[in-house]
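Q: I have a model open and want to learn how to read its features. Can we go through it one feature at a time?

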Amino acid sequence: RCVEAEDGVGQYNSKVLVARVIINRVLSPKFPDTIKEVVSQRRQFQVWANGRIWEVEVTAETKQAVQEALCVPSDFDGLYFANPNGSDEGWYGWMKRNLTYVCTDADDKHVFFK
């Protein structure tokens, strides 16, 4: 649901990256240990805070992207992402100043950091 709510209209590879951020957080000692705890962590995922996560229908493509993120090995190490056109400038600015840039997704919707 989180991947669909965050990037449902994005390209397939963008969905994979969003899913990998969630997985990377579960595996990181800096974040909670379960997907639910990661997604619902205060001030982390806007779609949880604004309730959009409960309004989406998860598509087959998003399910496949999440499955790929879970099963296909990757060296992608992103832990954060932001939509430069939709994020609070203070939050996005903090990311740019304090985190390491990893990549931008194919449709320029999300910028990923670690």
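Q: Which side chain does Ser 14 join through a polar contact?
A: A polar contact is a pair of N or O atoms within 3.5 Å; within protein, one must be able to donate a hydrogen and the other to accept it, and residues adjacent in sequence count only if both atoms are side-chain atoms. Here the side chains of Ser 14 and Asp 105 are joined by one of 3.2 Å. This is a predicted model: local features need pLDDT of at least 70, side-chain atom pairs count only at pLDDT 80 or more, and totals for chains, interfaces and linings use all residues. Residues are numbered from 1 along each chain as its sequence is written, and side-chain values use heavy atoms, with hydrogens and water left out.

Q: Is Ser 14 buried or exposed?
A: Buried means under 20% relative accessible area, exposed over 50%, partly exposed in between (1.4 Å probe, protein chains only). Ser 14 has a relative accessible area of 0%, so it is buried. Contact means heavy atoms within 4.5 Å. Not counting residues up to four places away in sequence, Ser 14 touches Asp 7, Asp 105, Ala 106 and Asp 107.

Q: Where does Ser 14 lie?
A: Helices (H or I, at least four residues) and strands (E, at least two) are DSSP runs, numbered from the N terminus. Ser 14 is in helix 2.

Q: Which residues have the most contacts inside the largest nonpolar core?
A: In soluble globular proteins, nonpolar side chains tend to be buried together. A nonpolar core is a set of buried Ala, Val, Leu, Ile, Met, Phe, Trp, Tyr and Cys residues joined through side-chain atoms within 4.5 Å. The largest one here has 32 residues, and Cys 2, Ile 22, Phe 45, Tyr 80, Phe 112 and Phe 113 have the most contacts inside it. Helix 2 gives the most to this core, with eight residues.

Q: What is the strand order of the open sheet?
A: Two strands pair if DSSP finds at least two bridges between them. The three strands run in the order 1-3-2, with antiparallel pairing. Strand 1 and strand 2 (101–104) are at the edges with a single partner strand each, so one side of each has no neighbour in the sheet. Strand 1 and strand 3 pair over three bridges. Phe 81 has Phe 112 in strand 3 as its bridge partner.
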